[in-house]
Amino acid sequence: MHRLYTRSPIAKIMWGIVTSLIGIITLLLVLVSENPRMEAQTLSWEGRSIENGATLFANNCATCHGPNGQGLLGRAPGLNSYYFFTDTGRLQDVGWVGSLEDYVRLSIAAGRPSKTDSQWPEVMPTWAGQYGGPMRGDQIEHLTNYVMNWRESALAQTPDEDPFQPFEDVFRPTEFQNTAFLLLSEEEQAAALEEYQARNIRSPQEIWESEACFACHNLEVNQVDYAGQNGPNFADLHERAGSRVADMTAEEYVYESIVSPRAFVVETYEEVGQMPENFAEKLSEDEIQALVAWLLDPDREVTEEE
Amino acid sequence: MGLQENIREKGVLGAAAAQADDVFTRLTAGIDAGEFRRMLQGEPPGRPNPRLKPHSEGFLLHIKPTYYHESVTRFTHTYRLGLLSTYLFIVETITGILLMIWYAPSPERAYVDMILLLTNIPFGQFLRDMHRLGAEAMVAIVTLHMVRCYLTGSYKPPRQFTWFTGVLLLVMTLFLSFSGYLLPWDQLAFWAVTIGTSMAEAVPPAVVGETVNLLARGAPDIGANGLLRFYLLHVLFLPLLLILFFFVHYYKVVHFGISLPADEEEVGEDTGNRVPADKRVYYLPDVLVDETSFLTVMTALLIVLTVFFFQAPLENIANPQSTPLHTVAPWYFYWLQGLLKIADKFIAGVLLPGVLLVLLMAIPYLDYNPSRRGKDRKVAIVAGIVAGVVMIIWSWMGTPEYAVEGAPAVEIVQDVMPEEGSGLAREMGYKHLPLGVWRTDEEYDVHDHEFNELLHEFNHAVDYYRRADPDFNAPVGILTITQDQPSLKKLKWEIMWFDAEGTPGDYEKTFWLHEDSLYWEQYGWKHLFTGYVADGWKSLSGAIVGE
């Protein structure tokens, strides 16, 4: 005979009370540990995201940006780089006003156009699915987190360790394509460039080609293709230059037109007005003099490109 | 009687006491304070029994019988498994509704919501773990409830239909649990459900199978539509269906009474709902106290298990382009996965489960043996045990242990550092992985116990497959650990071997590990606690030594 229910229910109620207390105490333990737990989990998911980003980077980005993010000359700039992470580096050069993280995120998601004038002729592809790329939003986030995780090691680099990286529209002499140059003050940069120019005097024709004068001006009379339409033809410059402005010799007129192009604009070109105004800085005095003489030389010789 | 009159008659205190007693009586639907005290003291009820009033006046108790046969209230007769199943359903409903607050059923949000739940919601992990554990426990308890009813022959007349609805409830419980599987939108969820729904495709003729599959997934493959459909099944359709059938089931249970232990009634008799006056155990207070205390114990157990011993898994985000190495169904469908390995999709995935289900529902109509006593039911009990053993064998065949051995090199790396989850290498953690090149064919003198264990395991795995696979000769495993970024180590696993013809082969797999990373096996309070204890011990011993 089972007589389980003849006794007082007090024992069972006590069981209930004791186990309730155990449950409540356990929940209190959870309560006091919730903050550190959430903190640890938050850090953990950031870490997991970086791990995922590392895999994505190795599979998709390392071919151009290098396995350690040091970049590849002519293909993609270095990311594990002091210049990239410092406030006065890349962001300033591209004129980005947001955070570096946003810059990285946007560049990965939407890609970047090629810089034909610079050392970066390759296009950065778009990666985000919303812009036609192959990746989901969370993968873009992982990659961003991975790239941003270089900050600590990149900011610890000395200029010598910093991989090659300037990101400018102007082609700077190879000698100055390094962080050490970028970290100089403006005056120091100008002095260094001047010193460089003094060492490397280009021939007038080299200047004509490397500064792209030919894009707007022509040297031959009958040339009617697009080149030269934006600026006056120089085939008969030696005949016209002396009579353009009163009290100015042909040499003075041409010299003035190179260093301050807005001084005497030839009538039909007023609307165009595209001539850059920085040749005084880019060319040394000797180079300008030689260029003037070359332009005014009726028998100048142009060696054909190979 | 008005209040003023009352005060005049009994004084202020007396009137207040009478008023309080009145309120108490209303709340308990008919039990006054004096009767309540007598119940607690274990005194028998008066005549007529005033403790029956809540059953006739209150909604909640009108569902419950007023008294039970003493024999069926014994714990060892029913183990209260039916009650526990119902209770777990309530736990699932409450935790599920709370989880719905932070969840949106879309592929863009679902996985992120899981992470937000874990990182930003106090008790978020607790809720998730409890919901998951509760769901798995519910499947187990419902199954055990069925096993108990089978072994005591409780499905026999007049309870055939109770059994039938019970089987339906089991199926619904399985579907409910399985439909919730997809919602975290991780690899585990995505691939388990992809395999699960692909079985529906095998239903003949092809047009029916495809339609069923299309209806379940919302598209040829699981995506935004499939997730939404599983979500609606999980939170709305299946729970409502289950509630409906629960009431049918429970009505039958109350109507026929719980079957008595077989040896207490004549063979072929059913006396479950004919209870002699001296055998009656009234619901109030005895059974109520019993059930409440039992459920309180179970709640505490559930909380303790959730907090200290259980972490709901969360793998990487669902990726339809990459099938994980060992895709597994939830454990309660291992048997089905096992069947699928040995038979074709239609036979194993549709025909056999269908036949089994029909057989299960038809048991009471097929079993003509009038006796519920064990000694008269040798065939039925042996058949039940055989079926159970077969289920367990099929389940074992469903695990990756059986017949899914991949290439040795792949398995070795999966062994020490799996694609999903932590594995030994991640469990040891970042700080126990010294930079360098570590080869299985060389001995190292490393003073790091945990790293030695990893090297040992690596060695062991390479050696195991060398002996097991004739196409895997003179293997060498090389682990290269480098610092990829601050706080990020790169682990390159490389395996080189010769096959039977002497052609060299090699395999390479690279993983990264961040200093702060935790995998779900490391989530629990236990992990946090051990971390604290270790840190506390270090600072304490440091203070004693005087560092």
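Accessible areas come from the Shrake-Rupley method with a 1.4 Å probe; for residues, only the protein chains shown count as cover. This is a predicted model, in which local features need pLDDT of at least 70 and side-chain atom pairs count only at pLDDT 80 or more, while totals for chains, interfaces and linings use all residues. Residues are numbered from 1 along each chain as its sequence is written, chains are lettered from A and ligands numbered from 1 in the order in which they are written, and side-chain values use heavy atoms, with hydrogens and water left out.

Chain B contains 20 helices and six strands. Helices (H or I, at least four residues) and strands (E, at least two) are DSSP runs, numbered from the N terminus. Along the principal axes, the C-alpha atoms of chain B fill a box of roughly 100 × 70 × 45 Å. Of its 547 residues, 47% are buried, where buried means under 20% relative accessible area, exposed over 50%, and partly exposed in between (1.4 Å probe, protein chains only). Among contacts in chain B with a separation of 6 or more, 70% are between residues 24 or more positions apart; a contact means heavy atoms within 4.5 Å.

Chain A has 13 helices and zero strands. Its 306 residues are 40% buried, and residues 24 or more positions apart make 50% of its contacts with a separation of 6 or more. The accessible surface of chain A is about 17,200 Å², with 55% belonging to carbon and sulfur atoms.

A nonpolar surface patch of about 990 Å² includes A:Ile10, A:Met14, A:Leu21, B:Phe36 and B:Leu40. Like charges are joined within 9 Å, and nonpolar side chains (Val, Leu, Ile, Met, Phe, Trp, Tyr) within 5 Å. Helix H1 of chain A gives the largest share of the nonpolar patch, nine residues. A:Leu21 lies in this helix and is partly exposed, at 46% relative accessible area.

The whole structure has zero disulfides over all chains, a disulfide being a pair of cysteine sulfur atoms within 2.5 Å. For A:Cys61, the nearest cysteine sulfur is that of A:Cys64, 8.8 Å away. A:Cys61 is buried, with a relative accessible area of 11%. B:Cys149 also counts as buried, at 13% relative accessibility.

Note on methods:
Patch = residues over 30% accessible without salt bridge, like charges linked within 9 Å, V, L, I, M, F, W, Y side chains within 5 Å. Salt bridge = Lys/Arg side-chain N within 4 Å of Asp/Glu carboxyl O.
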